[in-house]
Amino acid sequence: MATPNLNEIHDTLVDLAYKAGDIINNALPEINDPGSKKNSADLVTQYDRAVENMISTSLKEKYPDYAFHGEETYTPESPLTNKPTFIIDPIDGTVNFIHNFPHACVSLGFAIDRIPMVGVVYNPSSNIIYTAIKGQGAYKNKVRLPLKQHQPEPLQGLSNALVSIEWGSDRAGKNWETKVKTFEKLGSSKENGGAMVRSFRSLGSAALNICAVAEGTMDVYWEGGCWEWDVCAGWVILTEAGGIIVDGNPGGWETKLDGRKYLAVWGAPSGQKEIVEEFWSYIQGTLEY
């Protein structure tokens with residue numbers, strides 16, 4: 001097998017992201033048509049599959065030797081491997097998509113040995129595209145990250161941080177309790193033993209949350225329960241912008257792409273280690289996925 005040409009793969013994924021964006025944008029009127037005979041969940045599944053089928057067909061035709069790992073075609077019998085693999089989420093942020101909230105995207109990643117190498121995240125509602133190749137920097141609409149208006153400054157602790165969180169779809173059980181108790185601890189005042197973070201945001205897309213950390217509009221993103229197709233593309237973009245991803249549970253400075261528990265921190269020149277350790281100290285329990 002020939003060595004993957006990362007630049008060519010990047011350009012291919014960019015082209016496919018725009019084609020996927022056309023499908024997503026054209027779906028929105030039908031999604032929000034009250035006279036539609038299908039419910040919104042059926043329509044989302046329909047468009048998820050349509051986007052993934054378009055992407056997988058194109059990639060398998062051009063790169064028949066590489067594996068494909070997509071949200072809609074995943075089964076427990078086909079886990080992520082070390083092979084060169086396209087890791088795809090056709091529509092990340094499906095609840096936003098249903099509600100026509102303009103914060104959904106197509107997330108296209110490529111990994112070798114489970115290490116993210118190429119990432120493309122495109123939000124067709126805003127026409128914003130984030131791209132990165134490992135070792136070649138990260139970009140937002142072809143402008144290198146971090147942007148001039150978001151030049152990294154030392155992280156000054158969680159009390160100055162804008163923190164991205166997600167509730168997830170599972171609203172019961174141990175992981176739910178860990179999340180809710182941790183949110184409470186992070187938001188509580190210092191006098192009550194909390195971190196008193198500056199504020200929370202819950203925007204409904206793991207890929208776009210990670211990109212927000214990459215560009216510096218968010219400082220921290222903590223998540224448990226999402227999948228490798230949610231984070232692969234954003235992972236490259238974040239790390240190429242100087243950020244880091246560690247385990248969502250305390251102590252894991254190196255985390256797996258398919259570990260399903262993540263803590264992403266902005267690419268500040270100093271303070272990353274300190275803010276990770278501070279965040280870990282407020283986690284109330286253990287995320288188990």
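Tutor: In strand S5, isoleucine 128 is the residue opposite asparagine 123. Strands here are DSSP runs of E of at least two residues, and helices are runs of H or I of at least four, numbered from the N terminus. Two strands pair if DSSP finds at least two bridges between them.

Student: What should I know about the origin of the model and its numbering?
Tutor: This is a predicted model, in which local features need pLDDT of at least 70 and side-chain atom pairs count only at pLDDT 80 or more, while totals for chains, interfaces and linings use all residues. Residues are numbered from 1 along each chain as its sequence is written, and side-chain values use heavy atoms, with hydrogens and water left out.

Student: How many bridges join S4 to S5?
Tutor: Six, and the two strands run antiparallel. Four residues lie between the strands of this hairpin, where asparagine 127 has a positive phi near 60°.

Student: And how many join S3 to S4?
Tutor: Seven bridges, again in an antiparallel arrangement. Phenylalanine 110 has valine 118 in S4 as its bridge partner.

Student: Changing topic, where is leucine 208?
Tutor: Leucine 208 lies in helix H5, residues 206-215.

Student: Why does leucine 208 count as buried?
Tutor: Because its relative accessibility is 6%. Beyond neighbours within four places in sequence, leucine 208 has contacts (heavy atoms within 4.5 Å) that include Val121, Asn123 and Tyr130.

Conventions:
Buried means under 20% relative accessible area, exposed over 50%, partly exposed in between (1.4 Å probe, protein chains only).
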